[in-house]
Amino acid sequence: MGLLWALAMKMAIEEINRSSTLLPGVYLGYDLYDTCTLPLVTMKPSLLFMSQMGSRDIGAYCNYTQYWPRVVAVIGPHSSELALITGKLFGFFLMPQVSYGAGSDRLSSRESYPSFFRTVPSDRVQLRAIAELLSLFGWNWVAAVGSDDEYGRQGLSLFSSFANNRSICIAHEGTLPLPKSQDSRDLGKVEYILRQINQSAVQVVVLFSSEAAARSLFRYCIVTKVTPKVWVASESWLVSEQIISLPGIEEVGTILGFLVRGSPLPEFGDYVAQSLSQAANQTYCDTLGEAPPQSDDDVVGPQCPQCDDISHKDVSIGLQHHQTFSVYAAVYSVAHALHLALGCNASGCPSQNRTRPWELVSKMYDLRFPARSLTLQFDGSGNVDMTYDLKLWVWHNKSQPEFITVGSFQGELKLNRSQIRWHSQGNKEPVSRCSRECEEGQVRRVKGFHSCCYDCLDCKAGTYRQNRDNLSCTACEYHQWSPDLSNQCFPRTIKFLAWRDPVVIALLLLLLLAVILSLAALVLFCYHWGSPLVQALGGNLSCFGLGCLTLVCLSVLQFPGQPSKISCLVQQPFFHLPLTGCLSTLFLKSAEVFLASEFPGQARQLRKWLRGPQVWLLVALLLLAEGTVCIWYLLAFPQVMVTDWQTLPREALVHCRVRSWFSFVMVHIVNVALAFLCFLGTFMVQSQAGRYNLARGITFAMLVYFITWISFIPLFANVNKIYQPAMQMAAILLCAIGILATFYLPKCYLLLREPHLNTQEFFQSFLELGSWDRGEDQEGKAAKKGSQ
């Protein structure tokens, strides 16, 4: 390939010398030297380039501003290892050096290599493309092998960093010994690397190696019949004729890699054929022989015959090598920089102008120049941005593979998967993973040293997998929820005791029944206003109690629906005040029964305080007491509307929260005291034959009251928060219906079914006379009956 690259450089120089627009009137000359890929051999011509014009000596000066070396620019060398050596020397003198093949990322350092440029991208770009390719196919368990030189070692280092950033694990990493230094121990290293690759169960191998080292590895693969793999090639050996020509190379697996896309040079083949034909002409060789002999000092290595027997067929395979254009572009970059430095224009270049290397370097920074169909530009690091083509080896027969383009990379990877042909049976895409891909909603629990070897754990409800590389489940935000095995969180919906809930509908039906019964009783009492039964119950006082009981039932309507600040404030007063009104009427009646039962002698005098207009004052005082407690409750410890994000798995529960349970108990204290006094005043009163015992109805009503609210406490504390308002509704309704069923409805039954008992004697004689008076009355009646 070195011969073809030299001819490409020669062709470019001849084109420039013939050009009337680029460097008009200026002719470029050149010296060609073979580096033999050896640093020692490379240094001699490099020192010769730096010698002063007309001399072989390099002057030692403190300031090289006016220094005139023998050449103004250097093209090459091809390899990174040699460029790293020469780049230091040329950088000291600010001699522009343009390489057509050195891709080491170290050469991008402007501090170390201020005058280095190249017409190929940095290896960093190629390795980033390889890492993206692996990531796109999901290959995260790979082997990385490089040659034991600057190219391979630097490539492995860069690939390791790119792989780590993309969660790609390198199962095994090794370096191949260079063939020229190979011995039995080196063959053992190759065998060890291949054995490690097979033991790691990887299906993909990134081979960033020089051409010679890659050829040595594949020769061993073919001999030992290594299991076919996917080989991701570096640019240096992807289209190598030495590797393509290996017998059995088609059995190693799938080979693909990235190749710089240059501009075609269609006439280069004819130019090479013409040059070789000219070299084969003996007359031409004789003219070269007549040239004055050069000093041995100008020749590096053994002097070879001037005309070698090389045919066009011998080099035809390498004519389309991708780096031929890079050599061509390197020459044009120097020519365009020189055109600018000399101040050339369409009419020509000023003959008196001359340029020094450091002046040429300053023109090459950020230089933008055309090279055939492409326009290239050096960036701040001396690199060019070019497109990579993803090439795949496709075997149509046993002779030569076809290189087909299956993708491209310029900042991002574009891939055509349908064109890829795999080595596996049925053209199945290879899988190279240490562990299976976790399913949706699962995270990885790493085992061992590699993050790609793991177990899959399920994400529980309330957590989710944020991305594929998560090692733990991420908790959802407080206002979100997620089911098991989720990859995302969902916003919580607002939840409250709605009117359409079945439990609310059932309670509303119970409310309807309670209201109908209480209103029916009220109407019935009003219709029988003057009857002894209604009068015995207090007349208008009993109607007031029924009305309050109806309001108690209706107070449950404030619990369903979405709570608000106002509804939370008025919940307790709307219930407790009507209940106090109802219980106050029962308290007055129980007090009357108590006086008649326990103080029969003073019952007539004390009864007047429990009847008449003054009783309404007592009812008002009791309501005022309850109202005062409610106002204190509202001012000191008002219920607040809160949003509970924890209780329900998927919804946010909006409810009214009691701030102080002590204040909640204090709101009940007036009604509890009234109920307790009612019970104490009536539960010991004995019934009399032929008399209606008013005390029993009050006693059972208070028992219902206490049973309801004592049961309410543990049930309310243990029921789900969403049903706590329903529990309050149920307690209020059961309390109201209990009072209605034990005290008022039996009287309604007597009014409707037993009207003959609705007499003064049956209902009021007990309260009018008391137990003592009733005894005298019975004796008088007996004496009167005996006298008759």
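The legends below describe close-up views of helices and helix pairs in a predicted model.

**View 1. Packing of helix α2 against helix α3 in the predicted model.** Helix α2, which covers residues 39-50, packs on helix α3, which covers residues 80-92, at an angle of about 25 degrees, and the two axes lie 10 Å apart. Since angles under 35 degrees count as roughly parallel, α2 and α3 are therefore roughly parallel to each other. The crossing in which α2 passes α3 is right-handed. On the α2 side the contact is made by P39, T42, M43, S46, L47, F49 and M50, and on the α3 side by L82, I85, T86, L89 and F90. Sorted by class, the residues of this contact are 9 nonpolar and 3 polar, with no charged residues.

**View 2. Helix α19 and its buried residues.** Helix α19 runs over residues 614-636 and has 23 residues. From its first C-alpha to its last, α19 reaches 33 Å, which is close to the 33 Å expected at 1.5 Å a residue. The buried residues of α19 are V615, V619, L622, E626, G627, V629, C630 and Y633. An α-helix has 3.6 residues a turn, so residues three or four places apart point the same way.

**View 3. Packing of helix α19 against helix α20.** Helix α20 comprises residues 661-682, and α19 packs with α20 at an angle of about 175 degrees, their axes being 9 Å apart. The two helices, α19 and α20, are therefore roughly antiparallel to each other. From α19, the residues L622, A625, E626, V629, C630, W632 and Y633 meet F662, S663, F664, M666, V667, V670, N671 and L674 of α20. This contact of α19 with α20 divides into 12 nonpolar, 2 polar and 1 charged residues. Among the α19 residues that meet α20 are L622, E626, V629, C630 and Y633, and these residues are also buried.

**View 4. Crossing of helix α16 and helix α22.** Helix α16, formed by residues 540-554, and helix α22, formed by residues 724-753, have axes that come within 9 Å and cross at roughly 155 degrees. This angle makes α16 roughly antiparallel to α22, and the crossing of α16 and α22 is left-handed. Where the helices meet, α16 contributes S542, G545, L546, L549, V552 and C553, while α22 contributes I732, L733, A736, I739, L740 and Y744. The residues of this contact of α16 with α22 comprise 10 nonpolar and 2 polar, and no charged residues are included.

Terms used
Residues are numbered from 1 along each chain as its sequence is written. This is a predicted model: local features need pLDDT of at least 70, side-chain atom pairs count only at pLDDT 80 or more; totals for chains, interfaces and linings use all residues. Side-chain values use heavy atoms; hydrogens and water are left out. Axes are lines fitted to C-alpha atoms, for helices over the stretch in contact, and angles run from 0 to 180 degrees between N-to-C directions. Helices (H or I, at least four residues) and strands (E, at least two) are DSSP runs, numbered from the N terminus. Angles under 35 degrees count as roughly parallel, over 145 as roughly antiparallel, 65 to 115 as roughly perpendicular and the rest as oblique. A crossing is left-handed if the near helix is turned anticlockwise from the far one by less than a right angle, and right-handed if clockwise. Contact means heavy atoms within 4.5 Å. Ala, Val, Leu, Ile, Met, Phe, Trp, Tyr, Cys and Pro count as nonpolar, Asp, Glu, Lys and Arg as charged, and the others, Gly among them, as polar. The expected span of a helix is 1.5 Å times one less than its number of residues. Buried means under 20% relative accessible area, exposed over 50%, partly exposed in between (1.4 Å probe, protein chains only).
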